[in-house]
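Hi there,

Here is the model I promised to pass on. Please open it alongside this note, and my findings follow below.

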Amino acid sequence: MDDFDLELRAGTLDDAEIVADLEAARNPEDPRDPMMLRHWWTAGRPPDEVHMELVAEREGAAVAFLGAGHDPWDTIPKRFGWLRPLVHPKHWSLTRFGQLIDAGESWLREEQGAIAVARLRESFRDELRIFEDRGYREVRRSKVSELDLVAGREHLLASAGRSREQMKKQGVRLMTLDQDDDPDRMRKLYELSKAAEQDIPTTVPLRPPPYDEWHRFWFENPGIRPDRYWIARKGDEIVGLSVIGFPPKRGLPWTFFTATSRSVRGQGVARALKCETVAQAISLGAQRIRTNNDGANAPILHLNTEMGYRPIDPVIELHRELGT
Ligand SMILES: CC(C)(COP(=O)(O)OP(=O)(O)OC[C@H]1O[C@@H](n2cnc3c(N)ncnc32)[C@H](O)[C@@H]1OP(=O)(O)O)[C@@H](O)C(=O)NCCC(=O)NCCS
């Protein structure tokens, strides 16, 4: 019988493995990598983020998880706090899912949060409905899409070839980060990345990270390697980047970020960089890659469509005022 109560206890870093398994059970097609999750929980989050984790465990497996958190209030214009409730599909019930939302909201209220934010795949219809019944409303959606590297191989390699030629004519050099010998490359990359992040359409503001935090976030990520991190150089400047993360143990590769400096936008630099990452993924034997972009990010969505990405399950961002 499946009539036990969830006994939630405080989560620790040691739970990364069982929580990754729980996430994998919810999404078997793209199972969460435990090392990646550990990274998101450590170097992958701002050191001053306020957060809490609860886990319910049975026979050594996680049956439920709740994460919640927020940036320090004096660093953001509105008191947004996020919550992430997860119940193992074998043990999912409306009551259990609701219990996690309650726990997340009451923690956020104690923290004086004003708006609860949840992000959820559209296909999790029961969970969406529970959020909506509680007054959550969609404020944004991002488009998740997948590129078939087997079916699209010839088209993608031909596009990469054309883009390479175009970049040569424009005096733009494409290379991986490990091939760049500029001693100042990391600072330049940081400045480019920090500025471009602010141009991503969003409702919840993205806090610009200090250099050390940015460096840990990207380069301690177990899915990222300098020889798979593509950059574009024009003269002395780094004018673009694109990077696919390859989870070390399991799960699909995802494009983590593509960015160009404002001075070169509309000149094909992002397309050329994305093409290089894709050509490399093909040579590494990857069969498909994914990407997640805000629904209002027209240029990147245009590029994705042109490359042959096909839309899959979108992610809905829901907000609720916590006053009541
Ligand atoms: C998204 C981004 C990387 C695009 O860089 P870029 O160097 O301008 O890209 P490209 O020049 O290679 O291609 C842009 C394409 O989008 C098209 N485009 C631009 N604005 C558009 C719009 N509003 N609607 C539709 N297409 C648009 C351009 O016409 C071009 O296509 P084309 O060559 O077929 O004409 C850049 O705008 C950026 O850094 N934005 C901030 C960071 C970001 O949002 N990254 C993506 C999410 S991770």
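A residue is called buried when its relative accessible area is under 20%, exposed when over 50%, and partly exposed in between (1.4 Å probe, protein chains only). Helices (H or I, at least four residues) and strands (E, at least two) are DSSP runs, numbered from the N terminus. With that in hand, helix α7 (residues 211–219) has Glu213, Trp214, Trp218 and Phe219 as its buried residues. They pack against α6 (185–197), β8 (229–234), β9 (237–245) and β10, where contact means heavy atoms within 4.5 Å.

Two notes on conventions before the rest. This is a predicted model, in which local features need pLDDT of at least 70 and side-chain atom pairs count only at pLDDT 80 or more, while totals for chains, interfaces and linings use all residues. Residues are numbered from 1 along each chain as its sequence is written, and side-chain values use heavy atoms, with hydrogens and water left out.

- Asn297 places a polar side-chain atom 2.7 Å from a ligand oxygen.
- Thr260 has a backbone N or O atom 2.9 Å from a ligand oxygen.
- Arg265 has a side-chain N or O atom 3.3 Å from a ligand oxygen.

The protein covers 72% of the 960 Å² of accessible area that the ligand has on its own (Shrake-Rupley method, 1.4 Å probe; for residues, only the protein chains shown count as cover).

Next, the interior. A nonpolar core is a set of buried Ala, Val, Leu, Ile, Met, Phe, Trp, Tyr and Cys residues joined through side-chain atoms within 4.5 Å. The largest one has 28 residues, of which Leu6, Leu83, Ile101, Phe131, Tyr136 and Leu318 touch the most other members. Its largest share, six residues, comes from α3. Leaving out residues up to four places away in sequence, Leu318 touches several residues, including Val117, Leu128, Phe131 and Tyr136.

Finally, two residues worth a click. Asp313 sits in the loop between β12 (310–311) and β13 (315–321), and it counts as buried because its relative accessibility is 17%. Its side chain makes a polar contact with the side chain of Ser123 at 2.3 Å and reaches the backbone nitrogen of Glu122 at 3.5 Å. A polar contact is a pair of N or O atoms within 3.5 Å; within protein, one must be able to donate a hydrogen and the other to accept it, and residues adjacent in sequence count only if both atoms are side-chain atoms. Ser145 lies in strand β6 (residues 137–148) and is buried, at 7% relative accessibility. Beyond residues up to four places away in sequence, Ser145 touches residues including Ile289, Asn304 and Tyr309.

Best wishes
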